[in-house]
Amino acid sequence: MSLLQGVESLLLVGGERWEDGGERIIYVGGGQGAEQAELLRHALRTNASARRAIRVVRAHVASAVELEEDESLAGAGQGGLLYRYDGLYLVQRAQAGIE
């Protein structure tokens with residue numbers, strides 16, 4: 001699926017492109033070129049108008065405590081990323097031209 005057909009999933013790793021409030025995620029742009037940002041905004045608008053849900057996966061850097069307490073994380077390595085599938089989200093509103 002191309003971005004012009006909508007977004008299938010989002011991987012949230014942190015940074016300046018997203019404000020992650022748990023159940024509410026706001027795309028704020030930044031950290032990419034203007035053309036790429038506009039393509040993503042268009043794709044999000046497509047999801048909103050089609051009421052097509054987006055799979056959300058969150059990532060964070062594993063702490064030393066997490067690695068010590070959970071033996072299943074042994075392969076992650078110090079500072080490795082841990083991923084969690086958080087479900088399906090609907091785009092409630094998408095506005096054009098927001099920077």
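**Salt bridges, core and surface of the predicted model**

The structure holds 5 salt bridges, a salt bridge being a side-chain nitrogen of Lys or Arg within 4 Å of a carboxyl oxygen of Asp or Glu. The model is predicted, so that local features need pLDDT of at least 70 and side-chain atom pairs count only at pLDDT 80 or more, whereas totals for chains, interfaces and linings use all residues. Residues are numbered from 1 along each chain as its sequence is written, and side-chain values use heavy atoms, with hydrogens and water left out.

The secondary structure comprises 2 helices and 5 strands, which run β-β-β-α-β-α-β from the N terminus on; helices (H or I, at least four residues) and strands (E, at least two) are DSSP runs, numbered from the N terminus. Of the contacts with a separation of 6 or more, 61% are between residues 24 or more positions apart, where contact means heavy atoms within 4.5 Å. Buried residues make up 28% of the 99 residues in the protein; buried denotes under 20% relative accessible area, exposed over 50%, and partly exposed the range in between (1.4 Å probe, protein chains only).

The largest nonpolar core has 14 residues, of which Val7, Leu10, Trp18, Tyr27, Leu40, Leu44 and Ile54 touch the most other members. The elements that give two or more residues to this core are β1 (9-12), α1 (34-50) and β4 (54-61), and α1 gives the most, with 5 residues. Such a core is a set of buried Ala, Val, Leu, Ile, Met, Phe, Trp, Tyr and Cys residues joined through side-chain atoms within 4.5 Å.

Among the salt bridges, glutamate 8 pairs with arginine 55, their closest N and O atoms being 3.6 Å apart. This pair links distant parts of the chain, with glutamate 8 in the segment before β1 and arginine 55 in strand β4, 47 residues apart. Glutamate 8 is partly exposed, with a relative accessible area of 38%, and arginine 55 counts as partly exposed at 38% relative accessibility. Within helix α1, glutamate 38 and arginine 41 are 3 residues apart and therefore separated by about one helical turn, and their side chains meet in a salt bridge (3.2 Å, N to O). Arginine 41 is buried, with a relative accessible area of 6%, whereas glutamate 38 counts as partly exposed at 30%.

A further salt bridge is formed by the side chains of arginine 84 and aspartate 86 (2.6 Å, N to O). Salt bridges that share partners join Glu38, Arg41 and Arg45 into one network. Arginine 84 is partly exposed at 48% relative accessibility, as is aspartate 86, with a relative accessible area of 25%.

The side chain of aspartate 86 also makes a polar contact with that of arginine 58 (2.5 Å); a polar contact is a pair of N or O atoms within 3.5 Å, of which, within protein, one must be able to donate a hydrogen and the other to accept it, while residues adjacent in sequence count only if both atoms are side-chain atoms. Arginine 58 lies in strand β4 and counts as buried, at 11% relative accessibility. Not counting residues up to four places away in sequence, arginine 58 touches Leu12, Asp20, Gly22, Ile25, Leu82, Tyr83, Arg84, Asp86 and Tyr89.

Strand β4 also contains valine 61, which together with Leu11, Val13, Leu81 and Tyr83 forms a nonpolar patch on the surface, with about 470 Å² of accessible area together. Patches are made of residues with over 30% relative accessible area and no salt bridge, like charges being joined within 9 Å and nonpolar side chains (Val, Leu, Ile, Met, Phe, Trp, Tyr) within 5 Å. The accessible surface of the protein comes to about 6,700 Å², of which 51% belongs to carbon and sulfur atoms; accessible areas come from the Shrake-Rupley method with a 1.4 Å probe, and for residues only the protein chains shown count as cover.
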